[in-house]
Amino acid sequence: MFESIRRARLQREGLSCGKTRRKHQEGDLLDEMRTHPAGTVGAYVLFFIGIGILMRLGTQVEAGLPAVTWLHMLYAGAIGFAMVVHERVALRHEICDNGVLLLVLGTIFTHLALVVLMLDLSFSQSWGKTLKAIVLPHAFGPVVLSVILGRRIGLFGAIYATLFGVLVCISISAPTYMATSALLGFTGVLLTKHVRRRNRLFMAGLYVGLVAMAYSLLLHEAAGVIME
């Protein structure tokens, strides 16, 4: 996987064509699966199964939330189809093999899993609705992908972490979650352009936090929500 990341970075900088010289070890199963269509299908199948599990867990963070229905699965399927088309049409050069694809999908899944964990914590702490929407790690996945694979992949992560997050985080108003996630995720990607050292990454996180604070105040004033 690390070799795939290195090749993707070199290709993005114009130092590699994305192709590798044929080696004797290519008969190995792992080497074959890195570029085989079955590996791509398997990665997406595992990701969508994980999304379904997170959707069910998202309904259990609070009492009284509606259960996941086939309609929700249909929504997830439509978003998943758009995700696959987006990746295959617009990002084929950046996501050059299944190792990179697994990294991208795994990061988005981890992002959403952290969101579910924070939702469970927020309910146990009786946080208000506005605070609950703001404290979620909206920028985690986009920033990680942007730093490792570039800002185009970071934006890809921000888009689909937001869209799938709406289905996972049903305890939060869909417009509130979508606006907050898009704002903070895209802000995180924007601020990672010149990240090369740890202190700059820390500053990017600090700026995202400031944007989140300002946005929470605007939500508080606009919607008249009392943060508990």
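Phe47 and Phe164 are both buried (under 20% relative accessible area, with exposed over 50% and partly exposed in between; 1.4 Å probe, protein chains only). The model is predicted: local features need pLDDT of at least 70, side-chain atom pairs count only at pLDDT 80 or more, and totals for chains, interfaces and linings use all residues. Residues are numbered from 1 along each chain as its sequence is written, and side-chain values use heavy atoms, with hydrogens and water left out.

The structure holds four aromatic pairs. Rings of Phe, Tyr and Trp (its six-membered ring) pair if their centres lie within 6.5 Å; planes under 30 degrees apart count as stacked, over 60 as edge-to-face and the rest as tilted. Tyr44 and Phe48 form a stacked pair, at 5.9 Å centre to centre and 20° between the planes. These two residues are separated by about one helical turn, because they lie four residues apart in helix H3 (residues 37–58). Tyr44 has 6% relative accessibility, so Tyr44 counts as buried. Phe48 has 30%, so Phe48 counts as partly exposed.

Phe47 and Phe164 pair edge-to-face, with 5.7 Å centre to centre and 80° between the planes. This pair links distant parts of the chain. Tyr44, Phe47, Phe48 and Phe164 form one aromatic cluster.

Helix H8 also packs against helix H9 (residues 174–190). The angle is about 165°, and the axes are 9 Å apart. Axes are lines fitted to C-alpha atoms, for helices over the stretch in contact, and angles run from 0 to 180 degrees between N-to-C directions. H8 is therefore roughly antiparallel to H9 (over 145 degrees; under 35 is roughly parallel, 65 to 115 roughly perpendicular and the rest oblique). Contact (heavy atoms within 4.5 Å) involves residues of H8 including Leu155, Ile159 and Leu163. Among those of H9 are Tyr177, Met178 and Phe186. By class, the contact has 13 nonpolar, five polar and one charged residues. Ala, Val, Leu, Ile, Met, Phe, Trp, Tyr, Cys and Pro count as nonpolar, Asp, Glu, Lys and Arg as charged, and the others, Gly among them, as polar.

Overall, the protein has ten helices and zero strands. Helices (H or I, at least four residues) and strands (E, at least two) are DSSP runs, numbered from the N terminus. Of its 228 residues, 40% count as buried.
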